[in-house]
Amino acid sequence: MKLVKKGAEADIYRGSWNGKSAIIKVRKPKGYRVPQLDARIRRQRTSRESQMLSHARSLGVTTPLVYLVDTEKSAIIMQDVPGAVVQSLPDDDIVGLSARMGRMVGILHRSGIMHGDLTTSNFVYDGKQDALYMIDFGLSQNTCKPEDHAVDMRLIKEILNSAHARIMAESWKKLLQGYARAVGYERRAKIVRLVSVIEGRGRYATVV
Amino acid sequence: MAGMTTTTTTTTTAPRSGAAAARKKRMIGLGIESTAHTFSCAIMEKTGYDRGRILSDVRHIYRPDDGEGIHPREASRHHVEYAPEVLAQCLAESKTSVADIDLISYAAGPGLGPCLRVGAVVARSLASFHGIPIYPVNHAIGHIELGKLLTGAKNPLVLLVSGGHTMLLAFLDRQWRVFGETLDITLGQLLDQFGRALGLASPCGRIIEEMAQQQSNDRQPGATPAGRGNGTGESYGGGVDGVDDGSSGGKSTKRTVRHRQQQQLVPPRYVPLPYTVKGNDVSFSGLLSAAKSAAKSDKYSACFSLQETAFAMIGEAVERALSFTGKRELMVVGGVAANKRLSAMLSEVCRRHSCRFFVVPLKYAGDCGSQICWTGLLESNVKSGAAMSDTFVTQSWRLDTVRVEY
């Protein structure tokens with residue numbers, strides 16, 4: 001087992017599972033949190049993530065296959081998907097993938113799932129197969145509330161605005177086009193409106 | 001120091017000569033801070049492009065009654081009353097006269113309107129009477145720039161935690177970009193509003209920190225100081241900016257200490273409270289309500305649990321932002337940076353990500369004139385002073401809209 005990445009929440013290892021290359025995601029205890037809180041967070045997120053990975057896949061959103069879940073150790077063994085995180089791709093490619101990302105988010109929302117951590121680092125793109133995967137469902141929730149879906153969209157907008165400032169406008173437009181293909185134009189308009197409501201609530205936001 | 005005023009007549013070659021000259025010489029700046037409860041003046045010296053030294057930093061802090069928050073009008077009256085004294089003391093301590101000052105900067109926002117106007121009026125009066133260039137400065141940028149100067153951080157992820165802000169920022173393409181922030185109240189407001197519900201004196205951060213370490217006995221309901229404020233009123237939460245001040249809430253602190261001695265001691269226990277992280281963002285309002293109800297049975301445990309939960313949320317948001325941006329430095333600035341438990345948690349986060357950890361020195365964590373002064377001095381590298389008609393104040397002025405040209 002080799003450490004691939006020390007993520008924010010979990011350590012990611014690469015190993016093998018029944019002869020196939022696999023990713024092992026372990027949510028290790030964090031010393032800075034009180035033990036009760038730490039245990040609660042790790043348990044909840046591991047079970048949620050594993051359930052949602054499978055559920056999303058059944059809806060047609062490509063996600064890694066889950067092989068095994070160990071709730072005791074807060075570990076998930078899953079398919080090792082090839083490719084690179086969208087965050088690291090050249091600007092043009094990110095713009096090119098935006099509509100597809102938007103559509104995947106739309107499919108989740110349409111089915112009452114909020115991803116909870118929509119960033120460009122939670123999409124993996126495999127150029128060879130032209131496959132786009134969605135990962136990291138630890139903060140996902142079952143919710144149909146438009147407000148929650150708007151929180152998702154606001155986060156990806158914030159990330160585009162901060163990490164991908166140069167292509168923000170174009171990428172956001174494409175993302176919304178893809179989103180509308182899944183949820184319809186009426187719903188998209190509603191969510192976009194709610195996104196500005198949330199932004200307006202931000203500290204010192206310009207109130208229009 | 002007297003020699004400095006004569007250098008203004010040097011080099012007049014290029015169109016931006018003012019800026020070019022400014023880069024070379026030694027500049028003396030006066031900074032005026034009055035965004036919330038603190039009125040402060042500071043004098044700093046800049047040599048070269050970005051080397052600086054604080055010559056004096058004098059503050060006077062408005063104190064609301066125990067259990068109450070900042071009243072903007074009362075705070076601005078306080079500022080008007082103490083402005084001359086603070087300014088005079090600041091000049092005296094730095095052994096500077098107004099004639100030595102090369103530029104004046106003031107906090108133009110974000111903050112409370114009535115308070116901001118006091119600082120702006122003082123700055124404008126001095127600038128126009130003595131013919132000194134004037135620079136309106138963003139208060140939040142000031143926290144960051146002073147932090148960078150004092151800690152030596154080069155390219156950090158910045159955690160700005162105060163009464164007015166809870167934000168994670170990184171610099172990209174001439175602007176500070178937001179990588180996560182609170183969706184409702186700030187960390188400072190959370191602590192202050194909770195503290196006020198317990199009837200503590202604002203700013204409450206330091207007292208809550210002490211109470212969280214103390215031991216509790218929930219069978220003594222009399223241990224709760226009578227609460228007056230409901231904590232839902234105006235709450236710039238100013239409070240926590242300035243937790244470093246020794247005089248803060250002396251009365252309540254004494255009271256809690258006495259109660260502790262009377263009590264049979266039991267360690268504070270962790271009460272489960274709502275933990276809300278949404279991607280890189282956090283939300284504190286649910287936590288506030290739950291902590292207030294938990295405080296009814298045991299306020300020490302509530303303080304402990306509130307700190308543990310809120311700071312763990314910040315810790316997670318920081319981890320997410322660190323891993324997303326790949327930064328190798330974390331710098332914490334703002335009033336809540338003075339909290340030792342928060343620092344301890346964040347330094348552990350940094351160890352995990354092999355990242356260098358910087359905290360702004362305690363004395364300069366809270367609002368102070370130096371942060372304004374230093375930002376003005378940096379701006380003078382590339383800009384000449386603002387026209388008097390542009391010396392505005394803006395209550396809502398997000399720092400991610402400021403172009404940083406220096």
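Me: How many residues does the contact take from chain B and from chain A?
Reply: The contact takes 35 residues from chain B and 28 residues from chain A. A pair counts if the two C-beta atoms, placed from the backbone, lie within 7 Å. The model is a predicted one.

Me: Which elements give two or more residues to the side of chain B that touches chain A?
Reply: They are β8 (175-181), β9 (277-278), α9 (299-325) and α10 (340-352) of chain B. The largest share is nine residues, and it comes from α9(B). By class, this side of chain B divides into 14 nonpolar, nine polar and twelve charged residues.

Me: How do you know what span is expected of α9(B)?
Reply: Take 1.5 Å a residue for its 27 residues, and 39 Å is expected. From first C-alpha to last, α9(B) reaches 38 Å, which is close to that value. Just after this helix, G326(B) takes a positive phi of about 70°.

Me: What makes α9(B) mostly covered?
Reply: The count does: 25 of its 27 residues are buried. To be buried, a residue needs 20 or more other C-beta atoms within 10 Å of its own.

Me: What share of chain B counts as buried?
Reply: Of the 406 residues of chain B, 58% do. The chain has eleven helices and twelve strands. Take the contacts in chain B between residues at least 6 apart in sequence: 80% of them join residues at least 24 apart.

Me: Why is strand β5 of chain B called largely enclosed?
Reply: This strand covers residues 134-138, and five of the five are buried, so the rest of the structure largely encloses it. Look at each face in turn. I134(B), P136(B) and N138(B) are buried on one side, and Y135(B) and V137(B) are buried on the other. In a regular strand, side chains alternate between the two faces of the sheet.

Me: How do you know that β4 of chain B pairs with β5(B)?
Reply: Pairing needs at least two bridges. Five bridges join β4 (residues 103-109) of chain B to β5(B), and the two strands run parallel. Y106(B) stands opposite P136(B).

Me: Which domains does the assignment give for chain A?
Reply: It gives domain 1 (2-79) and domain 2 (84-201). Their C-alpha centres lie 22 Å apart. In chain A, 13 residues of domain 1 are in contact with 13 residues of domain 2. The domain 1 side of that contact has six nonpolar, three polar and four charged residues.

Me: How many bridges join β8 of chain A to β9(A)?
Reply: Four bridges join them, and the strands run antiparallel. The cut-off is two, so they count as paired. V124(A) stands opposite Y133(A) in β9(A).

Me: Why is S196(A) called partly exposed?
Reply: S196(A) has 14 C-beta neighbours inside 10 Å. Exposed means 12 or fewer and buried means 20 or more, so 14 falls in between. S196(A) is found in helix α5 (residues 185-201) of chain A. From S196(A) to R154(A) is 42 residues in sequence but 8.3 Å in space, C-alpha to C-alpha.

Me: How do you know that the span of helix α3 of chain A agrees with what it should be?
Reply: This helix (residues 146-163) has 18 residues, and at 1.5 Å a residue they should span 26 Å. Its end C-alpha atoms are 26 Å apart, so the values agree. Of its 18 residues, 13 are buried, so α3(A) is largely enclosed by the rest of the structure.

Terms used:
Residues numbered from 1 in each chain as written. Chains lettered and ligands numbered in written order. Domains from an automatic or database assignment. Nonpolar A, V, L, I, M, F, W, Y, C, P; charged D, E, K, R; others polar. Expected span 1.5 Å × (residues − 1).
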